[in-house]
Amino acid sequence: MLINDEEFLRWLYGEWRNDFRSWCEKKYQLTASESSEIYQDAFLQLFMNVRERKVSELEHPRTYFFGIGKNLIRQHYKRSGKQMEDLDNVEIPDNADYLTNRLQTEQREEVIKVLNYFGDPCRKLLLMFYYEQYSHEVIAERMGYKNDQVVKKKKSLCMSELRKLWKDYRLKNTQQ
Amino acid sequence: MSFTEEILSQFERYESSTMSQEERVAFEERLRQEEDFRNSFEDFRQMQSGIKAFGYQQFAAQLQSWDEEHDTDADEQVRTLSFSRWYYWAAAVAVIMVATISWWQLSPGQNEQLYTAYFQPYPDVLTSRGENENALNTAMIAYESGEYSEAITLFRQLLEGNGSTEAQGNELRFYLAQAYLSTESYDLAQQLLEDLQNVDQFGLKEASQWYLALAYLKQGDSDTAVRLLQQIKASPNHAYGAQSLQLLKQMN
């Protein structure tokens, strides 16, 4: 699964970087720093779209990626109140809601804070299952558990522990 | 309602739309009828979202560090191409370094402000596991309620009592270090964290690295703090990658 292959992602990130940034700078007159920021955001969005299965097989991944970039440039211009021709909307599933509205809730932020203090192996296991989306069998193999049943049991304990820490955190914050 | 394996499996299958039509109807009916079930499902969804968002935050921090690596590589290429360009970069780096060092030396209060902004005693993850040994429980209650001097005495008694395994000993030493940080005994905290940050298979190893960097920051040793924060930032999926990146940005 290439989406979890760090070496591949690092290579891909370097592969498109210069072309994308000079495209932003030449065609849309963005500064180096703006181009760099948009490149990072576009790559993150591509990664999220693939991981969240908003896109399955990409025949032309580079074109798709530049389409994401174009949408982000359009948003950038909109925010700064500038008008730009040749920036019609490209039909690409947008994860902006995922980043801002739907998940940018108070509760989600609390869970993130608690996860910062949540030790391994629980955090690693939960990330492997819910974020990296590995099966119980693969997790058992990679984390050295006897079988998938042990992983399911451990996951249930870890989720219960995380839930308790989260509720304790909420309680403390409410009292303060 | 607790997150049993069966309940989690139901929640996951509903969320991933892998339930049969019949199962889904029954699940949704249960959501309507049972408040406890509904609340548990809502908790599950928030937690799942939080775990994913945590992962994406770490990935975003990784992209930033890849960018910095590429920029460094590009700078090195430029230096080898032209002496005059090399001279320019070297001079620029020297100016930045001098400016940075001077800034650090001239603004000791800045380190303290950053430390205060980032330091938060690590929450109790020992007794919440249900392993309620009495002495440990009492020590953690003292710790959680901010009675750090008392917690230090109790942690030390537990460690000297030889009743703990090596793994438990490391966890106790970690919380002892937290209590030392909270009572401004930074040297003692650093000694413990220096050892703990190198313990393999230790669940609080990454946290030890982060708190050690904060301790150096507070002590005014910005060079060591920066070196440790850069190591954290460069480690893939480090729990404190995003915070380290943010703190480094604020230090520069």
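## The disulfide in chain A

Cys122(A) and Cys158(A) are joined in a disulfide, with 2.1 Å between their sulfur atoms. The model is a predicted one. A disulfide is a covalent bond between the sulfur atoms of two cysteines. Over all chains, the count comes to one disulfide.

The pair links distant parts of the chain. Cys122(A) belongs to helix 6 (residues 122-131) of chain A. Cys158(A) belongs to helix 8 (residues 148-175) of chain A.

## Helices 1 and 2 of chain A

Helix 1 (residues 6-28) of chain A packs against helix 2 (residues 32-51) of chain A, their axes coming within 9 Å. The axes cross at roughly 135°. That angle makes helix 1 of chain A oblique to helix 2 of chain A, since angles count as roughly antiparallel over 145 degrees. The crossing of helix 1 of chain A with helix 2 of chain A is right-handed.

Which residues of helix 1 of chain A meet helix 2 of chain A? They are Leu9(A), Leu12(A), Tyr13(A), Trp16(A), Arg17(A), Phe20(A), Arg21(A), Cys24(A) and Glu25(A). On the helix 2 side of chain A, the partners include Ala32(A), Ser35(A), Ile38(A), Tyr39(A), Phe43(A), Leu46(A) and Phe47(A). By class, the contact of these two chain A helices has 13 nonpolar, three polar and three charged residues. Cys24(A), one of the helix 1 contact residues, is buried, with a relative accessible area of 0%.

## Helices 7 and 8 of chain B

In chain B, helix 7 (residues 148-160) packs with helix 8 (residues 166-182) at an angle of about 155°. Their axes lie 9 Å apart. That makes helix 7 of chain B roughly antiparallel to helix 8 of chain B. The crossing of helix 7 of chain B and helix 8 of chain B is left-handed.

Helix 7 of chain B makes the contact through Tyr148(B), Ile152(B), Phe155(B), Arg156(B), Leu158(B) and Leu159(B). They meet residues of helix 8 of chain B, among them Gly169(B), Leu172(B), Arg173(B), Tyr175(B), Leu176(B) and Ala179(B). Tyr180(B) and Ser182(B) in helix 8 of chain B also take part. By class, this contact of helix 7 with helix 8 of chain B has 10 nonpolar, two polar and two charged residues.

Technical notes: Residues are numbered from 1 along each chain as its sequence is written. Chains are lettered from A and ligands numbered from 1 in the order in which they are written. This is a predicted model: local features need pLDDT of at least 70, side-chain atom pairs count only at pLDDT 80 or more; totals for chains, interfaces and linings use all residues. Side-chain values use heavy atoms; hydrogens and water are left out. Axes are lines fitted to C-alpha atoms, for helices over the stretch in contact, and angles run from 0 to 180 degrees between N-to-C directions. Helices (H or I, at least four residues) and strands (E, at least two) are DSSP runs, numbered from the N terminus. Angles under 35 degrees count as roughly parallel, over 145 as roughly antiparallel, 65 to 115 as roughly perpendicular and the rest as oblique. A crossing is left-handed if the near helix is turned anticlockwise from the far one by less than a right angle, and right-handed if clockwise. Contact means heavy atoms within 4.5 Å. Ala, Val, Leu, Ile, Met, Phe, Trp, Tyr, Cys and Pro count as nonpolar, Asp, Glu, Lys and Arg as charged, and the others, Gly among them, as polar. A disulfide is a pair of cysteine sulfur atoms within 2.5 Å. Buried means under 20% relative accessible area, exposed over 50%, partly exposed in between (1.4 Å probe, protein chains only).
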